[in-house]
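Student: I have a model to read through. Can you take me through the backbone first, then the cavities?

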Amino acid sequence: MKKRFEVNEYLIIVYRFILLMLIYSILRVSFYLFNTDLFHNVTPQSFALMMWGGLRFDLSALIYLNLLYVVVYVLSFRAKSNIIMQRVTNGIFFVFNAIGIAANCCDFIYYRFILKRTTFNVKDIFANESNMLSLCGQFLIDYWYVLLYFVLLMVIFVKVTLLLKPKLTPLRNNIAYGTVGVAVLALIAFLSVGGIRGGFKHSTRPITLSNAAAYVSSPEECAIVLNTPFSIIRTIGKKSFVKYEFYSPDELEQIYTPVHAAKPDSVHIRQMNVVIFILESFSREFMASFNPDLEGGNYKGYTPFIDSLAQHSLIFTHAFANGRKSIDAMPSVLASVPSLTLPYVVSEYSNNKVNSIASLLGNEGYTTAFFHGAPNGSMGFDAFAKIAKFQQYRGKNEYGNDDDFDGMWGIWDDKFFQYYANEIGKLPQPFCTALFSLSSHHPFRVPARYEGVFPKGNIPLHQCIGYSDNALRMFFDNVRQQPWFSNTLFVITADHNIPGDHDEYKTNANAFAIPIIFYCPSDTSLVGRDERLAQQADIMPSVLSYLGYNKPFVSFGSDLFDESQQRFVVNYNTDVYQIYMNDTIAYFDGKQITAAYDLNADPKLEHNILPHSDISNIEQKIKAYVQQYNNRMITDNLTVDK
C-alpha cells in the first residue's frame, strides 16, 4: 500500500470537501461536453460564469450528502485513529458520494431525453415498470462508456482521498479534546447552514433550482449550473402546484378561460369514429413532409408512409408537445391537460376528475378503448386510462402472445398495430380509440426479420422510426378494407420530441417539435398545411369541434378549426414556463417574463428582445393561463359541472 500522509483530523474534512468540489466541477464540464450540441449559445465567458455559479449548488449538495459522514467522523473522537473506525467512516463517505457522482453521470445521457436535470419525481415515473432490472442492464450495456467513466473517476477519487489519514489533535486531556470536537462540530453545523441556504444574510432564502438562472443567459443552460443530487434533494416533498392570484376572478375570465362553451349552432354530434395514434419519439424532424426546406429541400426523412399520408391530410407544421416524457402525453393529448411543473399523473392531484375525449364521447354513446403494447401497469397508463374513463384497456396481457414480446418494452409495433386494427373493428360504432406505440425507443432495436430493411440514418433511433412508420402503413393497409374506415377521423401525433441530427431541431424552442396530422378518408376538404401554432392540448377540443360536440367542457388547448381563437403553446422547460405566441417565445418564472426571443429572426434564441420590446400581452396570457391551470388543479375543478 502506498504511503499515506498524516494531517490534522479536522483538516481531513476540509481536504475531502475541496476534492469533492473539484470532482463536481469536472462532472459539470463532462455534462456539458456530453451534451454540447444542445447548448448553442455557450461562450467561454458564459461557461466560466456557470462554473462559478455551480459551486454554490455543489457545496449545498455535498453538505446534504456528507452530513452523516461528518457527524460520525467528528463524534468518533479518538477512535477515528482506529483502523476499524476509519473503515466505517470511509465506507459512509464513499457510498454516499458514489451515489452523488453516479447520479450526475446518469444525467450525461438522461438529460438528452428530458432536457432538465433529474428530480425526485423520477421515482414515480419508473415506479410502475415491471422490467426495471432488464432496463437498467440494457442502459449499462448501451452506455458502457458512461459506466467506464464513473468507474475510473471513482478509482481516482478513492485513491486521492486516501492519500491522507487523520492525525489526532495533540490534546492529552480527554475533556479538552472532546470540547474541541464538539466546538468543531458546532462550527461545521453553522457553516453547513450557510452552505445549504447559499448565504448567511437574514434575507437569504435556501437556494433552489430557480436560482441557477442568475448565472445563465438562456433557461436551458440552468442544467449546466445545477448538479443532479441537488436537483433531486431540493425537490423531495415539493408540491407541484402553487396557487396564483395575478387577476381577480372576473379579470381572469376575460383574459383566459379553459372552459369551452357549448356551440349553439351544433345540435347533433356526428357519429364518426375516432382513432388516435400517439407515436413514441416521433419528432417532427424525422418527417420530410414537415420539413420541405431542410437540407436545401433535399431531405428525405425516415417516414415514407406518413409523408405519403400527409398529402391527403391536414398537417400542422408548427406543432409542439406539452411535455418531455411519455407520461406527459396521455393527459395532454387525450384530456387536454398539459404537463406543467410536474407530470399530472405523478402529482399529488393525479386523482382529480378530468374530462377527456373518452369521457365526453362516452357520454354520447361512443365505445372507448385505449391500447398500449407494454405490460399492463407500465408507466401508469392503465391508471390514467381509468381516470380518463376509457371503457376498455388493452395491453400486453390482453394481447396474450409473448412470442411477439421485444424482450424489453412490450409487443413489437408491427404485431400490436395489427392487433389494434383487428380489435377496433370488433367494437360497436361509433368508437373512440387511442394507441400509444412503443418500439421507437431505446434500446433502438427492430425485429430480426427487419434488420437492414430501413435506413439506419445518423442516430440509432432512425431505423426504429422507419420500422414503426412501416407498422403504421401495415395498419392502414388492413383497416382500409374494413367497413368503418371511411367514417373515421384519424389523428396522428407523437408523445415527445427527441434530439435528432439537425441543428434546427436542437434549439430550446424545437426541443418540443412534433407532428399533428388529421386524416379523414371521406373528407377531401381536410387537406393542407396549417403553419400556425398548435400543441398536443389542442387535439381534444379540435376533434370535438370537428364532430360537432355541443356541450361545455374544460380544455387547456384551442380549437384548431376555429379561426377566431388565438393560437399559443405552453410547455415547461428547466423549471420555467415556455410560451410560444405570435412569432415570439418567452420564458415565465412564475412571477414575471425573464426573457423573450423572436422565433423568425432569431431561431437559435441568441438575442433577448425583452429589454426593448413590449410583450405585455404575452405576459398577461401566460399569467392567466398558469393561474387557471394551477388553481383549477388545486381545487379539483378540471370539469364542467352538469
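Student: Where is Phe444 found?

Tutor: The model is predicted: local features need pLDDT of at least 70, side-chain atom pairs count only at pLDDT 80 or more, and totals for chains, interfaces and linings use all residues. Residues are numbered from 1 along each chain as its sequence is written, and side-chain values use heavy atoms, without hydrogens or water. Helices (H or I, at least four residues) and strands (E, at least two) are DSSP runs, numbered from the N terminus. Phe444 sits in the loop between S8 and H17.

Student: Is Phe444 buried or exposed?

Tutor: Phe444 is not a glycine, yet its phi is positive, about 60°. Buried means under 20% relative accessible area, exposed over 50%, and partly exposed in between (1.4 Å probe, protein chains only). Phe444 has 17% relative accessibility, so it counts as buried.

Student: What omega does the peptide bond from His442 to Pro443 have?

Tutor: Pro443 also lies in the loop between S8 and H17. The bond from His442 to Pro443 is cis, with omega near 15°.

Student: Which residue does a cis peptide bond join to Gln429?

Tutor: Look in the loop between helix H16 (413-424) and strand S8 (431-436). The cis bond there has omega of about -5°. It joins Gln429 to Pro430.

Student: What is the phi of Ser336?

Tutor: Ser336 lies in the loop between helix H12 (326-335) and helix H13 (357-362). Its relative accessibility is 0%, so Ser336 counts as buried. Its phi is positive in a residue other than glycine, near 55°.

Student: How many residues of H17 are buried?

Tutor: Helix H17 covers residues 461-479 and reaches 27 Å from its first C-alpha to its last. That is close to the 27 Å expected, which is 1.5 Å times one less than the number of residues. H17 is mostly covered, with the buried count at 16 of 19.

Student: Which residues lie nearest the centre of the largest cavity?

Tutor: On a 1 Å grid over the protein atoms alone, a cavity is a set of points where a 1.4 Å probe fits but cannot get out, and lining residues have an atom within 4 Å of a point. The largest cavity is lined by 15 residues. Nearest its centre are Lys116, Arg324, Lys325, Asp328 and Tyr572.

Definitions and conventions. On a 1 Å grid over the protein atoms alone, a cavity is a set of points where a 1.4 Å probe fits but cannot get out, and a pocket is an open set with protein on both sides within 12 Å along at least five of seven lines; lining residues have an atom within 4 Å of a point.
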